[in-house]
Amino acid sequence: MVEQVLVTLRHNPGIDPILAIWDWRIAVYLFLGGLTAGIMLVSAWAVVANKDRELPFAAFQYSLWGPIVLSVGMTTLFFDLDYKLHVFRFYTTFQPASPMSWGAWILVLVYPVNLLLILANLRQGYPRLTEYLLPVPFAARLLDTTERFRRLIAWFTIPLGIGLGVYTGILLSAFMARPFWNTSLLGPLFLVSGLSTSAALAVLASKHPQERRWFTRLDLGLILVELVIVALLLIGLLSGSHVQLEAASLIFGGSFTIAFWLFFVVLALFVPLVLELLEIRGRAVPLLLAPVLVLVGGFILRQVTLDLGQSSEWAHYKNQFNPQLLERLSDEQRLRNATEITSPSGLPHRPSSALRQ
């Protein structure tokens, strides 16, 4: 065994002892972004599959909810930025290797395509709102045009919805230094979770019993898929390297065990799964409990994943320096303390390979 000594003067409360840069605002953004992706996919599929009669809420009204939900999520993301006036810099370049760059440009495309789908459904979905819009010049012609190309607009919405849903997971999985995040399953997991939460929201919002039953069955299947992806993710961690095993230990007896297994797996997945299964079989169950738990569970998944990833890392060391004492040192003393290690005899020496700053 080769023993190495790591000496550093770094002291950053956002990094030491663990990474703590992204808080609940990013979790809300990831949750609402995934929910928006699910809304886009559900509403567009209802149009493409000609489900206007079976799914009237999804086909004509649900598309309006997407930009509203996404705007709330974008607001929390904006509040998280330290340099808010520099947000325009995302759109002065495109970096193909950067998930954040892809996400920024996907969000730019989501709004206009969503707006076109809303206009195509406006007369049928929101007739009162249409009355306020018609006096605007060229509004009637615009509505006629979008209605004529309604299915084509829906087809364009589907890949954008998939891109938005997967991006919320790839944004985290691209961080290879965070073992819990660094898995290709995070993108599909967030996409399926976004579809599940959108189905649960449709159950709460729709006024048609037949449509609510259809979305209940859809959510039941999506929860099963989500459980399979979670199981594969855990198997990948447990069969991985030492750092993956350390990341897995955080939910197998570690500090995130209760949050992951009780609040997410049990309350947000298994309980809604049982309730929806009983409802489909005609049993009397609380109608609002299952969809509410699914929605809360969608947020818990993002929050737990965010915190877990920031707590898992490749190297662990303790900061042995008091930053208040370091501030009193002169520049010369700081340099000497950072580059010298005292030997057992009391004489300072400067190793070349055993010391890293």
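**Aromatic pairs, a pocket and cavities**

Tyr62 is buried, its relative accessible area being 0% (buried means under 20% relative accessible area, exposed over 50% and partly exposed in between, with a 1.4 Å probe and protein chains only). The structure is a predicted model, in which local features need pLDDT of at least 70 and side-chain atom pairs count only at pLDDT 80 or more, while totals for chains, interfaces and linings use all residues. Residues are numbered from 1 along each chain as its sequence is written, and side-chain values use heavy atoms, with hydrogens and water left out.

Rings of Phe, Tyr and Trp (its six-membered ring) are paired if their centres lie within 6.5 Å; planes under 30 degrees apart count as stacked, over 60 as edge-to-face and the rest as tilted. This rule gives 15 aromatic pairs. In one of them, the ring centres of Tyr62 and Trp65 are 6.0 Å apart and the planes stand at 75°, so the pair is edge-to-face. Trp65, for its part, is partly exposed at 30% relative accessibility. Trp214 and Phe215 also pair edge-to-face, because their planes lie at 90°, with 5.1 Å between the centres. Here Trp214 is partly exposed at 26%, whereas Phe215 is buried at 0%. Elsewhere, Phe252, Phe260, Trp261 and Phe264 are linked by ring pairs into a cluster.

On a 1 Å grid over the protein atoms alone, a cavity is a set of points where a 1.4 Å probe fits but cannot get out, and a pocket is an open set with protein on both sides within 12 Å along at least five of seven lines; lining residues have an atom within 4 Å of a point. Grid points are joined across faces, edges and corners, and a volume is the space filled by probe spheres set on the points.

The largest pocket holds about 530 Å³. It is lined by 20 residues, of which Leu77, Asp80, Leu81, Phe90 and Met100 are the closest to its centre. By class, this lining comprises 17 nonpolar, one polar and two charged residues (Ala, Val, Leu, Ile, Met, Phe, Trp, Tyr, Cys and Pro count as nonpolar, Asp, Glu, Lys and Arg as charged, and the others, Gly among them, as polar).

There are three cavities of 30 Å³ or more, and the largest cavity has a volume of about 80 Å³. Among the residues lining the largest cavity are Phe260 and Phe264, both also members of the ring cluster. Its lining divides into nine nonpolar residues, one polar and no charged.
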